[in-house]
Amino acid sequence: MYVLGINQHHDSAAALVRDGEIVAFVEEERVSRVKHDGTFPARAVRQCLAIAGITLAEVDHVAYFWQARREVVHALRHFVTHLPATLAVFRNDAGTYGGRSAGLGATLRSDGLQSHSDDYHVGGALLLHLRRSYMLKKILCDAVGHVGPARFRVHLVDHHLCHAASAYLLSPWDHAAIITWDGIGSDGTSTYLAVGEGDRIRDIRRVRFPHSLGALYACVTSYLGFHPTRDEGKVMGLAAYGEPTQLAAMRELVRLLPDGRYELDLSWFRHHATGKHQMSAQFLDRFGPPRPRTRDAVPQHYADIAYGLQVRLEEVGLHVARWLQQHTGQTRLVTAGGVALNSVMNGRLLLETPFEEFFAQPAAADDGSALGAALRVATDHGAPRPTGNYIFIGPEYGEAEMEKALADAGLTYARSADIADTTAQAIADGKIVGWYQGRMEAGPRALGNRSILADPRGKDTKDRLNAKVKHRESFRPFAPSCLADRAAEYFASGYPSPVMLLVFDVLEHQRERVPAITHADGTARVQTVSAADNPLYHRLITRFDEITGVPMVVNTSFNDNEEPIVCTPAEAVNCYLRTDMDALALGPFWTQK
Ligand SMILES: [Fe+2]
C-alpha cells in the first residue's frame with residue numbers, strides 16, 4: 001500500500017510511505033531551488049515516485065495536510081468575533097509595514113498551483129485552499145503529467161494531527177505526550193495538546209488563533225525587520241545578544257491561563273484584524289517604530305526585544321508542557337510544528353519540566369506535515385508504524401553523476417581510500433570542507449549528508465565561515481556535530497539530539513576549547529551523531545577526535561546564504577566554486593582549491 005503525503009504551504013513537500021515505511025521525503029525547494037517554495041510540490045512528488053520506481057497509478061491514498069472546510073468555519077467565526085477590526089481584510093494593503101496581500105480577484109483567477117502568501121487565510125488565499133482540496137485529484141494528475149487510471153483516494157487530514165503524527169508515529173514510544181504548535185492550523189488551532197497511545201492520538205486540548213505562539217513570534221519577527229514565517233531562527237539567534245530591558249513589557253503580550261492554556265493580549269497586535277504579521281499602534285507607541293528590513297547591524301534595543309520575546313516564548317512553553325505532563329502523567333514528550341524549531345525552548349522543555357525524554361523529527365515545521373499526513377493515513381489503513389531511518393530520506397545520486405559534475409566543472413579530483421579520514425585531516429588542518437554524501441536529510445538543518453564542516457577549535461572559524469562561505473548575519477551561531485557518547489563532556493546535557501533541535505549550555509570549562517560553536521550566551525545547538533544514525537559521518541568525527549582530542553566538528557548547511565541546501569552533485573560543485581570553501585568531499589571523491 002502506497003500513501004503519498006502532500007503539503008503546500010510555506011515549505012511545500014511530498015512524502016511517500018509504503019506499507020508504513022518511509023520511502024522518500026522531498027521538499028519542493030530542494031528541487032525547484034526556490035527557498036521556502038510554497039507552490040504545489042509537483043517536482044517533489046515526481047522525485048518521490050521516481051525514488052520508489054512507481055507512477056501515480058500505483059498510489060493507493062493521497063493524504064493532504066489541510067482541511068479547508070474547517071478553515072472556512074473558523075475564518076467566518078473569527079471574522080464576526082473580531083468585527084469591526086476584521087473589515088481591514090477587504091483593503092488590499094491593510095498595513096503600515098509588511099507586504100501586500102493577494103486580492104480576491106487574483107485568487108479566483110489562479111490555477112490552484114500557485115503559492116499562497118505568508119499571511120493568514122482571512123482573504124482570498126482561503127478560497128484558493130478550498131478549491132485545491134476539492135480538485136486535488138485533478139490538480140495532482142495535471143501537475144505530474146499523469147495520464148491514464150489513478151485509483152487513489154484523497155484524504156484531507158487535520159493540520160495539527162499531521163504535525164502530531166509526524167512526531168509521535170516516528171518516535172520509538174507507544175505512549176507519549178504530544179505538543180504541536182505553529183501559527184495556525186486548518187480549524188484555527190495553533191497549539192494542540194494530545195497523548196499518543198499505541199497507534200492512536202487522543203485530543204486533550206486546543207488553543208485557537210488569534211491566540212498563537214507562532215503568530216506571536218512571527219509578528220515580532222516582522223517588527224524586528226526580518227521575514228515572518230522564515231526568519232524566526234535568526235531572531236532566536238539574535239536573542240542571545242539581548243539584555244532583559246524589555247522583558248517585563250514583552251511579558252504583557254501573553255497571559256498564562258489555567259489548564260495549560262494561554263492567550264495573547266490582542267491590544268498589542270493587528271494580525272487578528274488584518275491577517276498580516278503586524279503589531280498594533282499601541283505596540284509601536286511602547287516599543288518604537290519597526291526596524292526596517294536591512295542587513296545593517298541590529299541596534300541593541302531590537303536585540304533586547306528579541307530577548308524578551310524568546311524568554312516569554314520559553315515561559316509560555318514551560319507552562320503548557322508542565323500542565324500537560326501533570327495532566328497525562330507521561331514522562332515522554334514529542335513535539336512538532338514551526339514553533340518546535342525553537343531549539344532553545346526545546347532544551348528547556350527537556351531540562352526544566354518533569355518530562356524525562358524528548359523526541360522531534362527533523363522536518364518539524366510545515367514541510368513535515370506531508371510526512372505526518374501520509375503516516376496518519378497509512379496507520380489508519382492498517383499499516384504498522386515506521387521503524388527505519390527517518391532522517392536521511394531524500395534524493396540520492398550515484399558516483400557516475402558525482403564524477404560528471406566534477407569533470408563538467410573542469411576540476412581535478414581523486415578517489416580517496418578513506419574519505420572520512422581525508423576530510424577529518426583537512427578540517428584539523430583548518431580547512432573548510434564541503435561534505436556531500438548519500439541521501440539528503442529531511443528538514444531545514446544539515447545533519448551530516450549535505451554539510452559544510454570546519455574546526456570548532458578555531459577562534460576565527462566563525463568569522464571565516466561567514467566571510468568566505470555563508471555570507472550571513474554575524475549574530476547567527478554555528479552548530480556542532482558531536483559524537484553522541486561524548487556529548488556530556490561538553491554540554492549541560494548529553495541527551496541524544498540527532499536532528500539538532502535541542503540547545504544546551506556549553507560547559508563553562510570547555511567554552512575556550514570550542515569557541516566556534518559556543519554562542520554569545522554560552523549555548524550550542526547540539527547535534528549528536530551515533531554510528532547507528534550515520535556511520536560514515538560518525539567515523540569522520542571519530543577520526544577528527546583521534547587527531548585533535550575534540551569529538552565534534554562545526555556543521556553548517558551546504559548552501560550559500562538564502563539558497564536552499566544543495567541537492568544534486570552539480571549543485572554541490574557549483575556552491576563549492578562560488579564560495580571560498582577550501583575542499584570538497586563529494587561521495588568518495590576529493591578535490592581542493
Ligand atoms: Fe503547521
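Two strands pair if DSSP finds at least two bridges between them. This model is predicted, and the strand pairing described below is read from it on that basis.

**The five-stranded sheet**

An open sheet of 5 strands runs in the order S3-S2-S1-S4-S5. Its pairing is mixed. Strand S3 (21–27) and strand S5 (153–156) are the edge strands, and each pairs on one side only. Neighbouring strands are turned against each other by 20° on average, direction ignored.

One pairing can be followed in detail. Strand S2 (residues 13–18) meets S3 in the antiparallel sense, over 6 bridges. Within that pairing, Ala 14 has Val 26 of S3 as its bridge partner.

Which helices pack on this sheet? Helix H6 (residues 136–144) does, touching strand S1 (2–7), strand S4 (61–64) and S5. The direction of H6 makes about 105° with that of S4. Helix H15 (residues 367–380) packs on the sheet as well, with S1, S2, S3, S4 and S5 as the strands touched. The direction of H15 makes about 150° with that of S1.

**A helix pair**

Helix H16 (residues 399–408) and helix H20 (residues 569–578) have axes that come within 8 Å. They cross at roughly 35°, and the crossing is right-handed. On the H16 side the contact is made by Glu 401, Met 402, Ala 405 and Leu 406. H20 contributes Pro 569, Ala 570 and Val 573. What is the make-up of the contact of H16 with H20: nonpolar, polar or charged? It divides into 6 nonpolar residues, no polar residues and 1 charged residue. Glu counts as charged, and Glu 401 is part of the H16 side.

**Cysteines**

A disulfide is a covalent bond between the sulfur atoms of two cysteines. How many disulfides does the structure hold? The count is 0. Cys 575 is in no disulfide, and the nearest cysteine sulfur, that of Cys 567, is 13 Å away. The cut-off for a disulfide is a sulfur pair within 2.5 Å.

Is Cys 575 buried or exposed? Cys 575 counts as buried because its relative accessibility is 0%, and buried means under 20%. Cys 482 also has 0% relative accessibility, so Cys 482 counts as buried.

**Backbone exceptions**

Most residues other than glycine have a negative phi, and most peptide bonds are trans. The table lists exceptions by residue.

| Site | Backbone feature | Location |
|---|---|---|
| Leu 83 to Pro 84 | cis peptide bond, omega near 0° | Pro 84: loop between helix H3 (68–81) and helix H4 (104–109) |
| Phe 209 to Pro 210 | cis peptide bond, omega about 10° | Pro 210: loop between strand S8 (200–208) and helix H8 (213–223) |
| Asp 259 | positive phi of about 60° | loop between strand S9 (254–256) and strand S10 (262–264) |

His 471 has 34% relative accessibility, so His 471 counts as partly exposed.

Note on methods. Residues numbered from 1 in each chain as written. Predicted model: local features only at pLDDT ≥ 70, side-chain atom pairs only at ≥ 80, totals over all residues. Heavy atoms only, no water. Buried < 20%, exposed > 50% of the residue type's maximum accessible area, 1.4 Å probe, protein only. Helix = DSSP H or I, 4+ residues; strand = E, 2+ residues; numbered from the N terminus. Axes fitted to C-alpha atoms, helices over the stretch in contact; angles between N-to-C directions. Contact = heavy atoms within 4.5 Å. Left-handed = near helix turned anticlockwise from the far one by under 90°.
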